[in-house]
Amino acid sequence: FAENITGFLKYSYELTESSRLTFSIDSYESDQTEEAFRFAGLTTDEGFQLTQPADPVFSYVDPPGNRSTNVNVIYDNDDLAGGIFRLQGYYRENRFLNPGSDIREQVDLGDLPAEWPTVWQTGQDGKEYGLRGEYTRELSGSVTATFGFDYAREERGGEIVISDRDVFEATNAFNGAERDFNTPPYELDSVGIFAQVDADLSDRFSVTGGVRYDHYRYSVEPYDVIFNFGTPRGLRPGGEGSSNTYSINAGLSYDLTPEATVFANYSQGLQLPDIANSANSLDPGVPLPGSLFVEPIDVEAIDIGIRGFSGNFSYAASVFYSRSDLGEAINLTGAGLGERVRSPQRNWGMELSGSYRASEKLSLSGRMSLQEGVFDRSDDGNFVALNSRTVPPPQLRLQADYQLNAETTIFGSLFASGRRAKAFEEGQDFFEPESYAVVAVGLVYE
């Protein structure tokens, strides 16, 4: 159970006929004091321990919940030197503390390291602010260019709030007796510059292409962590480092008929991995700069497909393939623990979608996706399946909307998830996910 409070304010001021300034702020707060989990005393056939909702409900000195604030200031100009310009400044702040966990029996049974806490909460504090700018202008009747930049500063750190075991047994309360790192505090600055060109080579044939440069600089304080996932406890020196990356993208589309278009796209993606979790993967005494764990993740992707419409029916179908020589994945090592792995990775899949306007009041839509992915966990040429948190099982979504009148709409939806046994069979899922379906029916009144 959670109690949620949300506030939102937006104000827009027209400076001139072509320019305006928009300010918005939203705040969200949730209270999760009635949620908690403890070891269930159940073991799967594969030896993994299960948890269950706590009974009775726990009490807290540090109540769990999520608090976030987002501020945006946007300047738009639809006619700046013949082009369209947007400048956005933003600030985001977030703090969350998870409901408590009680894993005393799991540690007592020797499934986890003896030094691990048994009654605890995890959380994170963070803030981010930045600036984005984008300018688009038509160079000729068939060519449009976009230029832009973005800057972001991120400051974040994870914490674990450990409660006294004896106090918890006596009072069923998380008393927050000790605080420590869950992920180390870090600072990350990133700057990006990009250019994109779109051109219509004929009435049917269009191409697009772009290039982007990114610069990253990070700083991580010296730290030790509680949840070390296979690496020993001890002080890590952290450190400072930087990275520069370049990436390109290109695409083309061709109208087979006025109602059907085929397309193909190629893109490169280069970004830093999660700094905090990468730092957690190091052994004590090993500095973060120069480590493989903070090398940029490089991805090359291709997608090919067709989209179009026929009368009241619209559709899209596409297939994709992506590869990385230095991807990032989690390899399960036993007892439900995992180690971060930087190694080659491959992903592929397909997606089908469609919508049909049956009448003025009734509309139908659907989407189906199939995905698969593998990684070379030992970098020896032998690929195994990525876990199902990274690669979801086959999914189907169907929805129907019927408008009773101008204010009222009835909807019905079906979400079905299939089975994906490959990751479990190759030791990368805790258990084999079962197929399931969710049906929802509702009414919207405006």
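Is E159 buried or exposed? In this predicted model, E159 has a relative accessible area of 14% and is therefore classed as buried, the limit being under 20%. Its salt-bridge partner is R95, with the closest N and O atoms 3.2 Å apart. The two residues belong to distant parts of the chain, E159 to strand 10 (residues 143–162) and R95 to strand 7 (residues 83–97), and they are 64 residues apart. R95 has a relative accessible area of 26% and is partly exposed. The E159 and R95 pair also belongs to a network of salt bridges in which D62, R95, D125, E159 and R179 are linked. In total, the count of salt bridges in the model comes to 22.

R153 forms a salt bridge with E187, where the closest N and O atoms are 2.9 Å apart. Here the link runs between R153 in strand 10 and E187 in strand 12 (residues 178–200), distant parts of the chain that are 34 residues apart. R153 counts as buried, with a relative accessibility of 16%, whereas E187 is partly exposed at 34%.

The nonpolar interior was examined next. In soluble globular proteins, nonpolar side chains tend to be buried together. The largest nonpolar core of the model holds 15 residues, of which Y218, V220, I275 and L288 touch the most other members. Strand 12, strand 13 (205–220) and helix 3 (275–280) are the elements that each give two or more residues to this core. When neighbours within four places in sequence are left aside, the contacts of Y218 include the core residues I275 and L288. Also in contact with Y218 are, among others, L188, L272, P289 and V294. E187, the salt-bridge partner of R153, is another residue in contact with Y218. A run of residues comprising G239, E240, G241 and S242 is likewise among the contacts of Y218.

Strand 14 (residues 239–257) and strand 15 (residues 260–271) are antiparallel and pair over 8 bridges. A hairpin of 2 residues joins these two strands, and S253 stands opposite F263 in strand 15. On pairing with strand 16 (residues 297–310), strand 15 again runs antiparallel, and 12 bridges join the two. In this second pairing, S267 stands opposite A301 in strand 16.

W116 is located in the loop between helix 1 (104–108) and strand 9. With a relative accessible area of 7%, W116 is buried. The C-alpha atom of W116 is separated by 9.6 Å from that of I103, and the two residues are 13 residues apart along the chain.

Definitions and conventions:
Residues numbered from 1 in each chain as written. Predicted model: local features only at pLDDT ≥ 70, side-chain atom pairs only at ≥ 80, totals over all residues. Heavy atoms only, no water. Salt bridge = Lys/Arg side-chain N within 4 Å of Asp/Glu carboxyl O. Helix = DSSP H or I, 4+ residues; strand = E, 2+ residues; numbered from the N terminus. Buried < 20%, exposed > 50% of the residue type's maximum accessible area, 1.4 Å probe, protein only. Core = buried A, V, L, I, M, F, W, Y, C linked by side-chain atoms within 4.5 Å. Contact = heavy atoms within 4.5 Å. Pairing = 2+ DSSP bridges.
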